[in-house]
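Here are a few friendly notes to read alongside the model. Please keep the viewer open as you go through them.

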Amino acid sequence: MPEFKKKPSTGKTVLGIDVGGSTTKIVGFDGNKNLIQPQIVKATDPVTSVYGAFGKFTVENGIGLGDIERVMMTGVGSAFLNSPIYNLPCEPVSEFDSIGIGGLYLSKLDEAIVVSMGTGTAITYAKKEGDCIKTEYLGGTGVGGGTITGLAKKLVDIDSVRHLAKLSEGGDLSKIDLRVGDITNTGSFKKLNADLTASNFGKASDMASRSDIALGIINMVAETVAMMAIFASRQYKTKDIVLTGNLTAIDPIRGVFENLSPVFGVNFLFPENSQFGTVIGAALQ
Ligand SMILES: Nc1ncnc2c1ncn2[C@@H]1O[C@H](COP(=O)(O)OP(=O)(O)OP(=O)(O)O)[C@@H](O)[C@H]1O
Ligand SMILES: [Mg+2]
């Protein structure tokens, strides 16, 4: 597990800031390479959220401007910042590299598929080679946290993903999803697990409750991301898949991955601080 320190001890601090589609995260490594507990603010506009995150983080950790060596910036929103923060040395770094580097750091693995489950989903392959980490961006999908938020708003009139997760607790997927077992029990499909989804929302019943729909939304997004990651892992012949991004903090999302893991023979890993994988990867560059 990474070690946390409230205050930087010696040397200069390197900050990472990740301006994502929904939230801005900030983290620091002090002069002894100790990780300072990351923080998160909701992204309103990029400039406001960067300065808000920067102010909160530096005040709470007792870091003065003179203590900062440099600021590594990443994320879709970082391009909107066209001047350095308080004249500090600021460097843009690749979000995809950051995802891979952060995923390996948190999981302590030497090789893995690293998935960022944020507003959208990005998938990278990362491998340690000597002192370097080689990363490759494999693609992604627009199905992600933004999909959950949007569908939750329209289908069950809920804004918060946490409330949606709570609502999903009593949900019954058999009222929403068509399962393999619903449509076949013989022949060449016998090999398939009868509980696997044949069609998300393919059996949405008139009697489906709000809880069933909430669980159906969460399940559809998590299954989509999980299957894409599984295909990527087969291509790279690794079984280790590290999940990062804010969706990793949602219990029913983790539950979907945990159920699929034995079926497809992969290891889905949710390391501590997985929400902050990308920003940690940025600060490490
Ligand atoms: N506390 C939270 N604040 C905002 N979104 C949250 C929170 N908890 C869970 N979520 C979900 O996580 C998603 C955002 O995840 P995250 O903050 O990792 O994305 P991002 O980095 O802003 O986006 P991207 O990486 O795609 O640019 C939201 O769409 C929402 O579904
Ligand atoms: Mg992100």
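Which polar backbone atom is 3.0 Å from an oxygen atom of ligand 1?

1. That atom belongs to G145, and the model it sits in is predicted. Local features need pLDDT of at least 70, side-chain atom pairs count only at pLDDT 80 or more, and totals for chains, interfaces and linings use all residues. Residues are numbered from 1 along each chain as written, chains are lettered from A and ligands numbered from 1 in written order, and side-chain values use heavy atoms, without hydrogens and water.

2. An oxygen atom of ligand 1 is also 3.1 Å from a side-chain N or O atom of T149. For G120, a backbone N or O atom lies 3.0 Å from a ligand 1 oxygen. The protein covers 86% of the 640 Å² of accessible area that ligand 1 has on its own (Shrake-Rupley method, 1.4 Å probe).

3. The shell around ligand 1 holds 20 residues (a heavy atom within 4 Å). S22, T23, K25, T119 and N246 are the closest. By type, five are nonpolar, 12 polar and three charged, with Gly counted as polar and Asp, Glu, Lys and Arg as charged.

4. Both β3 (23–29) and α3 (145–156) supply at least two shell residues, and α3 gives the most, with three. These elements are DSSP runs (helices H or I, at least four residues; strands E, at least two), numbered from the N terminus.

5. Domain 1 (1–92) and domain 2 (139–172 + 209–274) each contribute at least three residues to the ligand 1 shell. Their C-alpha centres lie 28 Å apart. The bounds come from an automatic or database domain assignment.

Definitions and conventions: A polar contact is a pair of N or O atoms within 3.5 Å; within protein, one must be able to donate a hydrogen and the other to accept it, and residues adjacent in sequence count only if both atoms are side-chain atoms.
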